[in-house]
Amino acid sequence: MHDAPAFPFLREILLFLVLAGVLIPLLQRLRVNQVVGFLAAGVALGPFGLGLWAGEHAWLAPFTFPKLEGVVALAELGVLFLMFMIGLELSAERLWALRRWVFGAGVVQLVASALAIGAIAWAFGNPWPAAAVLGAVLALSSTAVAMQLLTERRALGTRLGQACFSVLMMQDLAVVPLLVVVGALADVHRASGAGVGIDGFAGLGGAAGLVAGSLAKAAIAVVAIAWIGRRLVRPLFRTLARDRQPDVFMALTLLATLSIAGLTAAAGLSMALGALLAGLLLSETEFRHEVEVTIEPFRGLLMGLFFMSVGMGIDLREVAAAPLIVPVSVLGLFAIKAAVLWAVLRAGGLSAGRALEGGLLLGQGGEFAFIVVGVATLEGLLPPDVGRFMLLVVGLSLVATPFAARLGHALGERIDHLSRAGARADEPPGEGDAPGASGGHVVIAGFGRVGEAIAQVLDAQGVRWVALETDATRVTDRRAHGAPVWFGNATRVELLRRLRVGDAAAVVLTMDQPASALHALRAIRREYPSVPVVARSRDEAHAAVLRDEGATVVIPETLEASLQISAVVLQSAGVPDLVATAAIEVERERRIGVLRG
């Protein structure tokens, strides 16, 4: 009898799923940042934590990760989905709306931080290619950590939140050329054949030529892949999403992400770049929000696995071996980036306190450091000991971020209180809001005949609105005319959050199917009990059900038809127009009053 082949890394996968099932709810209950929690779990259970004693104590083996091989492959999927989600955020609409912050403050912060950190790295004896890589990669901050902290504070709609979001967008954009430049510098290193780098500035002209050539080739490849993807991805989703099946949507998303990542890999670029490109392509389509909601649970698991694998690579014994240099380096990284960001945010009009808070919030190293530094070490641009040290500094800076952010908030409040400028600091931004981003908008669930008629009235009065519709063909047609209509189902709570329903002036339910309206109303009321909901119903029996479920106002479509017919009949019977109109209005108010929740 032959033994069945063993499932590879089954123990590691099961252990991770157990940790995810216990750790994620626990962190949410304790209001601890999930990234920090997974990093800490990786450190504690990894090969440099309890895994060190797994060989000596057999009972520890089932609860630890003595080797990294069991999680690296799945962690790479986490990297791809991180890049894909960032690409979804980097829509042309958002970039243009926040262009002054993104291409102004974002560029200045990135260049100034990279120059300052790179100069320090070069002064410590690193060759210029290594110093350039370290300066560029440490200038980036953690999108995952910072965005979660801003979301928890409900600060994304403030001037500080919009400014930090814009800086992070610019940093995410910079990842594309950075990955290409690292590859080009690796070519420089191989061409030089002189150890770990090029000493001094010898060969700088040749290196610049190689970098420029690599960037040009990468740009051609990216443009070609984007051109092909634009002509395939959107038509594919439009054709196959008509069935409105979540499993089909998930399969299409995975297909788009992995196939474009495979194309960039075949072109000699990184798969992470392809995943970012796939996100960018889908961000310009009407399916963006639905894609975000569909992959969110899987993204969270894979990202947790990625950060846990990062934590497993952190050896706290190195901190014990260098008890001074490591914490000083972490503090130095925060100090340099916070100082640069403080100056940039102050120049952008934020108060001194809010600028300090933003600087400390974005003062950490980013998750891309683990990707870029790993590639640079593998290519020989960085010595292994330098690479390990930098990853240790970045990892510890991520762990320190929630504490630094709280300190920045407290200091910022104190400084603004003393300078009497705090009242101005948290005003909503005057420009750059996405539809519905700053509140006061109307959300229309169902964009058929009734929804479209409501939208026309709102447009005529200058009221902002955004709509959800499950008919992909209708969504495509209306978006072609510039309407802010998104593909998605109003029963999905995650989708409602992305449309900021909690800040809406009202939600209008216009769906044809009674069951759809009822499920959407229940989802809204569970998450947003105080938001006004105006619902269309088939008849008064359906209206009574919606009223009992919490609709603020219910309008049966048979009501208006009967009232209009009654008005015509009264006029035909000789009742004066004014009297008929008044009678109809009284009846309308009476019937609607009965149906108010």
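The chain has an average pLDDT of 78, and 84% of its residues score at least 70. Confidence is highest in helix H14 (residues 325-347), where the mean is 92, and lowest in helix H18 (residues 422-425), where the mean is 42. Two stretches with pLDDT below 50 may be noted. One covers residues 194-202, which have 19 contacts in the model beyond near neighbours in sequence. The other covers residues 421-438, with 35 contacts in the model beyond near neighbours in sequence. Where pLDDT is low, the predicted coordinates are not to be read in detail.

Helix H14 packs against helix H5 (residues 99-123), with the two axes 10 Å apart and at an angle of about 150 degrees. Angles over 145 degrees count as roughly antiparallel, and H5 and H14 are therefore roughly antiparallel to each other. The crossing of H5 past H14 is right-handed. On the H5 side, the contact is made by Trp101, Ala105, Val108, Gln109, Ala112, Ser113, Ala116, Ile117 and Ile120. H14 contributes Leu333, Ile336, Lys337, Val340, Leu341, Val344 and Leu345. By class, 13 residues of this contact are nonpolar, two are polar and one is charged. An α-helix has 3.6 residues a turn, so residues three or four places apart point the same way.

H5 also packs against helix H6 (residues 128-138); their axes come within 7 Å and cross at roughly 140 degrees. At this angle H5 and H6 are therefore oblique to each other. This crossing, too, is right-handed. The residues of H5 in the contact are Ser113, Ala114, Ile117, Gly118, Ala121 and Trp122, and those of H6 are Trp128, Ala131, Leu134, Gly135, Ala136 and Leu138. The contact of H5 with H6 comprises nine nonpolar residues, three polar residues and no charged residues. Ser113 and Ile117 of H5 take part both in the contact with H14 and in the contact with H6.

Helix H16 spans residues 368-378, and its buried residues include Phe368, Ala369, Phe370, Ile371, Val372 and Val373. Ala376 of H16 is buried as well. After H16 comes Gly380, which has a positive phi, near 90 degrees.

Technical notes
Residues numbered from 1 in each chain as written. Predicted model: local features only at pLDDT ≥ 70, side-chain atom pairs only at ≥ 80, totals over all residues. Heavy atoms only, no water. pLDDT = per-residue confidence, 0-100. Helix = DSSP H or I, 4+ residues; strand = E, 2+ residues; numbered from the N terminus. Contact = heavy atoms within 4.5 Å. Buried < 20%, exposed > 50% of the residue type's maximum accessible area, 1.4 Å probe, protein only. Axes fitted to C-alpha atoms, helices over the stretch in contact; angles between N-to-C directions. Parallel < 35°, antiparallel > 145°, perpendicular 65-115°, else oblique. Left-handed = near helix turned anticlockwise from the far one by under 90°. Nonpolar A, V, L, I, M, F, W, Y, C, P; charged D, E, K, R; others polar.
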